[in-house]
Amino acid sequence: MRTIVLKVDPKNPEEEKIREAAKVIEAGGLVAFPTETVYGLGANALDLKAVLRIYEAKNRPPDNPVITHIASKEDAYRLAREVPSDAEKLMDAFWPGPLTLLLKKAKDIPRLGGLDEITIRMPANKIALALIAASKPIAAPSANLSGRPSPTTAEHVLQDLDGRIEMVLDGGPTAVGVESTILDMTKKPYRILRPGGVTLEDLRKIVKDVEVHPVAFAKVPTDLAKAPGMKYRHYAPRAPMILVEGRVEDIVRKIRELALKYGGQGIGIMATHETAGSYDIGIVKVVGSRSEPRSIAKNLFKILREFDQLGVRLIIAEGIEEEDIGLAISNRLRKAAGYNIVNASEGRADIDYSL
Ligand code: TXA
Ligand code: MG
C-alpha cells in the first residue's frame, strides 16, 4: 500500500484535503492526523471492521481499547449512557483539549470486545476537528507501532506506519507532546488513569473529587508478576534506558557516574537546559527547560526517536519533578525506561546492565 501524505494548513485546513481524508475514513480506511497532543491513527469508530484495521496496522494487542474522538459535545451524549453533571463541567472547562473522559457506553454503540465503557475526547486541533466533523466519530490511538514512542510529527508517523495506512495529514509538530489525561468518571472519587495534558491541579479547580490512580504514577509495572523487568515496554526507544530520579544535583552526579561506568561512547544523555553543561561525555540532548516543564513534554518523544536514529547503546534520562505536567512526563519516562529507575538521592544499590 502507498501511504499518501497531504500537507495541511494547521491554522486554516484546506477543505478539499479534509474531504479527501474523510472519504478514506468513510471507506473503512486509516488516516493519521495531528491532534494537540500527539498524532492519532483514525478510523470510523462506528465501523468495527475499520477499527480492527487500526490494531493490525499498529500491531496493537487486541485487549487495549481506543479513544473515540468527537467534534461536538452533542456526540458525547450519543456515545455515553449518561453524562454526569461533573463531566459536563469538565467538558465546558477543557474541551476542546487534552482531556479524555471514561464513561458508561450507550447501549446502541458498538465496541470491540463488547466493552461497557467508552473513552471520549474532543481534540483542540483544527485539522482533527475538521476531519471528525466531516466524518463520524473517529477511533484513534496514537499513530505509532505498538510499544514505540508516540509520534509528534508526520515524519514520526511515517517512520512507523509508512505503507501500512492509507493517508497521513501533515499539520506540523503537535503542541503538547504527551497524550491526553484519561479520567475515569464511572465512579467517585474520579480517578486519573493516565496523566496527560490537563493536570490534576487543573481538574481540581473545576471538580473536587479527583484522585490519581496508582497506575498513573507508573513507578512499577502494572502487572509485576507477569511483566518483570523489561519484558513489556511502552513508549520505548530501541536502546535500553535508565531513568535517574531525585534532587537535581544528585541526578547530575549519578548520570556522570553511570555514563563513565558504561564507557561514555554511544551513550545518549537526555538532559535539561539547566543541567546540560554539566556533562562532558556521552551524546547530550536538551529535552527542554526545568523552569518550563511544558517544553519538556513537547520534546520528549522526539528526543527518544532521535536517540534511536543515532543508534545509541544506552539512554540515560534525567527525572523531572512530578507536579503539574511533570506527572505526565514522569509517567512516560518511567514506562519508556521499562521501569529501570535509579533514585540518585536515596543511595540505593545500582542495577547492572550488560550492554
Ligand atoms: O492524546 C491522546 O489521547 C492520543 C490522541 C491521538 O488523541 N490518543 C492516545 O490513544 O493516546 P492511545 O490508544 O495511544 O492511548 C489510549 C489509552 C490506552 O492506554 C487505553 O488502554 C486507554 O486509553 N483506554 C481507552 N479506552 C479505554 C477504556 N474504555 N477503558 C480503559 N482504558 C481505556
Ligand atoms: Mg499510544
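Predicted model: local features only at pLDDT ≥ 70, side-chain atom pairs only at ≥ 80, totals over all residues.
Residues are numbered from 1 along each chain as its sequence is written, chains are lettered from A and ligands numbered from 1 in the order in which they are written, and side-chain values use heavy atoms, with hydrogens and water left out.

**View 1. The shell around ligand 1.** Of the 23 residues around the ligand, Thr37, Asn64, His69, Thr119 and Ser180 come nearest; a residue is counted here if one of its heavy atoms lies within 4 Å of the molecule. Sorted by class, the shell holds 10 nonpolar, 7 polar and 6 charged residues. In this scheme Ala, Val, Leu, Ile, Met, Phe, Trp, Tyr, Cys and Pro are nonpolar, Asp, Glu, Lys and Arg are charged, and the others, Gly among them, are polar. Strands S3 and S6 (117-121) each supply at least two shell residues. Helices (H or I, at least four residues) and strands (E, at least two) are DSSP runs, numbered from the N terminus.

**View 2. Polar contacts to ligand 1.** Threonine 37 has a side-chain N or O atom 2.7 Å from an oxygen atom of ligand 1. For asparagine 64, a polar side-chain atom is 2.5 Å from a ligand oxygen, while threonine 119 places a polar side-chain atom 2.8 Å from a ligand nitrogen. On its own ligand 1 has 680 Å² of accessible area, and the protein covers 86% of that. A polar contact is a pair of N or O atoms within 3.5 Å; within protein, one must be able to donate a hydrogen and the other to accept it, and residues adjacent in sequence count only if both atoms are side-chain atoms. Accessible areas come from the Shrake-Rupley method with a 1.4 Å probe, and for residues only the protein chains shown count as cover.

**View 3. Helix H6 and its buried face.** In H6 (residues 154-161), Ala154, His156, Val157, Asp160 and Leu161 are buried. Seen down the helix axis, these buried residues fall within an arc of 155°, so they line one face of H6; the arc is that of the directions from the helix axis to the C-beta atoms. An α-helix has 3.6 residues a turn, so residues three or four places apart point the same way. Buried means under 20% relative accessible area, exposed over 50%, and partly exposed in between (1.4 Å probe, protein chains only). The buried residues of H6 pack against strands S2 (31-34), S3 (39-44) and S8 (167-170) and helices H2 (48-58) and H9 (293-310). Just after H6 comes glycine 163, with a positive phi of about 85°.

View 4. Threonine 153 sits in the loop between strand S7 (138-139) and H6, and it is buried at 18% relative accessible area. Its side chain reaches the backbone nitrogen of histidine 156 at 3.1 Å. Not counting residues up to four places away in sequence, threonine 153 touches Tyr39 and Pro173; contact means heavy atoms within 4.5 Å. Proline 173, in the loop between S8 and S9, is exposed, with 61% relative accessible area.

**View 5. Helix H2.** Ala50, Val51, Ile54, Tyr55, Ala57 and Lys58 are the buried residues of H2, and they pack against S3, S7 and H6. At the helix start, a side-chain oxygen of aspartate 47 comes within 3.1 Å of the backbone nitrogen of lysine 49. Asparagine 59 follows H2 with a positive phi, near 60°.

**View 6. Threonine 181 in strand S9.** Threonine 181 belongs to S9 (residues 181-184) and counts as buried at 0% relative accessibility. A polar atom of its side chain lies 3.4 Å from the backbone nitrogen of glycine 197. Beyond neighbours within four places in sequence, the contacts of threonine 181 include Pro98, Leu99, Ile192 and Leu203.
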